[in-house]
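Trainee: I would like to learn how to read features in a structure. Please take me through a few.

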Amino acid sequence: MSVTGTLNQYIQFVERMYRTSQGNILSRLLSLRDEHVLNRNLSGSSDIASLVEGNCVSPLDEIIITHMLCVKALHAKNYVEAYNRQSECVACVVKLLQSQKEVNWGLPLMYTVCLDLRLVAQKADAVSSTPQTRGKILEKAAESLLACFRVCAADNRASDADTKKLGMLNLVNQLLKIYFRIDKIQLCKPLIRAIDSSPYKDQFPIAQQVTYRYFVGRKAMFDSDYRSADEFLSFAFERCHKDSIKNKQLILTYLVPVKMLLGLMPTRHVLEKYNLMAFWQLACAVKEGNLGGIDQVMDEHDSFFKNAGIYLIVEKLKIIAHRNLFRKVCINERQIQEDQSKAHQIDIKKFQAALQMMGGGDVDADDTQCIAAHLIYHNIIKGYISYQHQMLVVSKKNAFPPLSSSDITIV
C-alpha cells in the first residue's frame with residue numbers, strides 16, 4: 001500500500017485481499033511496520049469508526065478500525081493507548097480465526113498483529129511502568145497471545161495442510177520472548193510441552209525451530225540441564241542462517257559456557273569471528289585451573305555476563321577449574337612419587353598450596369577438603385577423603401572422568 005491514498009481506497013484494497021484469501025498481503029496491510037502507517041490521511045480522521053463501518057464486511061471492519069486507532073495513537077506517541085488498541089485488534093483477529101473453519105490462510109495476519117502487539121507492549125511498558133509495575137503490560141499482552149494460541153491448538157478438524165496448529169510455534173516463540181523478558185521462565189513449561197507433543201513439530205519453518213530451540217536451550221541451561229541445553233543451542237547455532245551473525249553471536253553467548261561446563265573449550269577462531277573474546281580469556285583460565293584469572297575476567301566483563309544473565313553460570317566454571325587444578329596436582333604427584341603404589345594418596349596440603357598459588361584466596365585445610373568433597377559428590381573426581389591421614393585418595397583408574405560423562409552432575 002502506498003504512503004499516499006485515501007482511507008476509502010485503503011479499505012477497498014484490504015477488503016479485496018480478504019475476500020480473495022490473500023493472507024500474506026493482508027498481513028502487510030495491517031502491519032504497524034508497513035509504509036502505509038506513514039500516510040496521515042488514513043488515520044487522521046476524528047471519527048475513524050464511522051468512516052469504516054458500513055464500508056467493510058465484519059469482522060474485518062473492527063480489525064481495520066482498531067488498527068487505525070493504534071496507528072493514530074502511535075503518531076501521538078501515546079504508547080499505552082496504542083497497546084490497548086492493538087490488543088483490541090488481536091481480539092478481533094481471534095474472532096476472525098474462529099469464524100474460518102478448516103482454512104488457515106489467516107495465519108500470516110495473526111503472526112503480524114501478535115508481533116506488533118509484543119513490540120508495542122514493550123514500548124508502552126518502558127515508558128509507563130515503575131520498577132514495581134514493570135512487565136505488567138507485557139504480561140497482559142501474553143494473555144492476548146494465549147487466546148490466539150488456544151484457537152490454533154483447538155483446530156482438530158482441518159486437514160494437515162490447512163490446520164491452524166501450524167501457527168502454534170510462531171505464537172509460542174512470541175510468548176517465550178515475553179516470559180524471558182519479564183523473568184517468568186516457569187510459564188514456558190506448558191508451552192514447551194505443547195510443542196514437543198505436537199505431530200507438526202518437525203514441519204514448522206526452520207527459522208521458527210531455531211528461535212524455539214534457542215529459548216528452550218536457555219531454559220535448560222538455567223535448569224542446570226546442560227546436556228539438553230547443549231543439544232538445543234547447538235541445533236539453533238548450526239541451523240541459524242549463516243549471514244545472521246548477530247543471532248549466531250547471541251546463541252554462542254549461551255552455548256559456549258554450556259559446552260565449557262561439559263568440558264569442551266571453544267576455539268579462538270570462533271570467538272574472534274563472533275566478537276566473544278571474553279570467553280577465550282575465561283577458557284584459558286579454566287583450563288589452567290587459574291581461579292584468580294577467572295575472577296579477573298568476571299570483573300573485567302562484569303556487565304556483559306550480567307546483562308546476558310550468565311554471571312552465575314560463569315561462576316560455576318570455577319568447579320571445572322578446581323577439577324583441572326586438582327588433576328594437575330595428581331599428575332605431578334605421580335611424576336615425583338618414588339613409591340608409585342602411594343601416588344594416588346595425596347596430602348591435602350598440596351591441594352591447599354595449589355589453590356593458594358592459583359588465586360583461590362586464603363584457603364585453609366578445611367576449605368580444601370570442602371572443595372574436594374564437592375568434586376567427589378558430583379562425580380567429578382573418583383576417590384575419597386581420608387580425614388585421619390588428611391589425604392585425598394583418588395581412584396587408580398580414571399580418577400578424573402570426562403566432564404561429558406553422564407555420571408557427572410554440575411548444579
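**Reading the features**

Mentor: At 9% relative accessibility, S27 counts as buried, because buried means under 20% relative accessible area, exposed over 50%, and partly exposed in between (1.4 Å probe, protein chains only). This is a predicted model, where local features need pLDDT of at least 70, side-chain atom pairs count only at pLDDT 80 or more, and totals for chains, interfaces and linings use all residues. Residues are numbered from 1 along each chain as its sequence is written, and side-chain values use heavy atoms, with hydrogens and water left out.

Trainee: Where is S27 found, and which residues does S27 touch, not counting residues up to four places away in sequence?

Mentor: S27 is found in helix α2 (residues 23-29). Helices (H or I, at least four residues) and strands (E, at least two) are DSSP runs, numbered from the N terminus. Not counting residues up to four places away in sequence, S27 touches P108, L109 and T112. Contact means heavy atoms within 4.5 Å.

Trainee: How do I read two packed helices?

Mentor: Two packed helices are described by the angle between their axes and the distance between the axes. Take α5 and helix α6 (residues 79-99): their axes come within 8 Å and cross at roughly 165 degrees. Axes are lines fitted to C-alpha atoms, for helices over the stretch in contact, and angles run from 0 to 180 degrees between N-to-C directions.

Trainee: Are α5 and α6 roughly parallel or roughly antiparallel to each other?

Mentor: α5 and α6 are roughly antiparallel to each other. Angles under 35 degrees count as roughly parallel, over 145 as roughly antiparallel, 65 to 115 as roughly perpendicular and the rest as oblique. From α5, the residues in the contact include I63, L69 and L74. From α6, they include Y79, C92 and L96.

Trainee: How do I read an aromatic pair?

Mentor: A pair of aromatic rings is described by the distance of the centres and the angle of the planes. Rings of Phe, Tyr and Trp (its six-membered ring) pair if their centres lie within 6.5 Å; planes under 30 degrees apart count as stacked, over 60 as edge-to-face and the rest as tilted. A search of the whole structure finds nine aromatic pairs. In one of them, the ring centres of F279 and F304 are 5.9 Å apart and the planes stand at 75 degrees, so the pair is edge-to-face. F279 lies in helix α15 (residues 278-288) and F304 in helix α17 (residues 302-308), so the pair ties together parts that are 25 residues apart in sequence.

Trainee: Which ring forms a tilted pair with F304?

Mentor: That is F305, at 5.4 Å centre to centre, with 50 degrees between the planes. F305 has 0% relative accessibility and counts as buried. F304 is partly exposed, with a relative accessible area of 29%. Elsewhere, ring pairs link F180, Y214, F215 and Y254 into a cluster.

Trainee: Which charged end sits over the ring of Y79?

Mentor: The charged end of K123 does, 5.3 Å from the ring centre. A charge sits over a ring if NZ of Lys or CZ of Arg is within 6 Å of the ring centre and within 35 degrees of the ring normal.

Trainee: What about the backbone?

Mentor: Look at S58 and P59, which a cis peptide bond joins, with omega about 5 degrees. P59 lies in the loop between α4 (48-52) and α5 (60-75). Then look at S224: its phi is near 65 degrees, a positive value in a residue other than glycine. S224 is found in the loop between α11 (206-222) and α12 (226-239).
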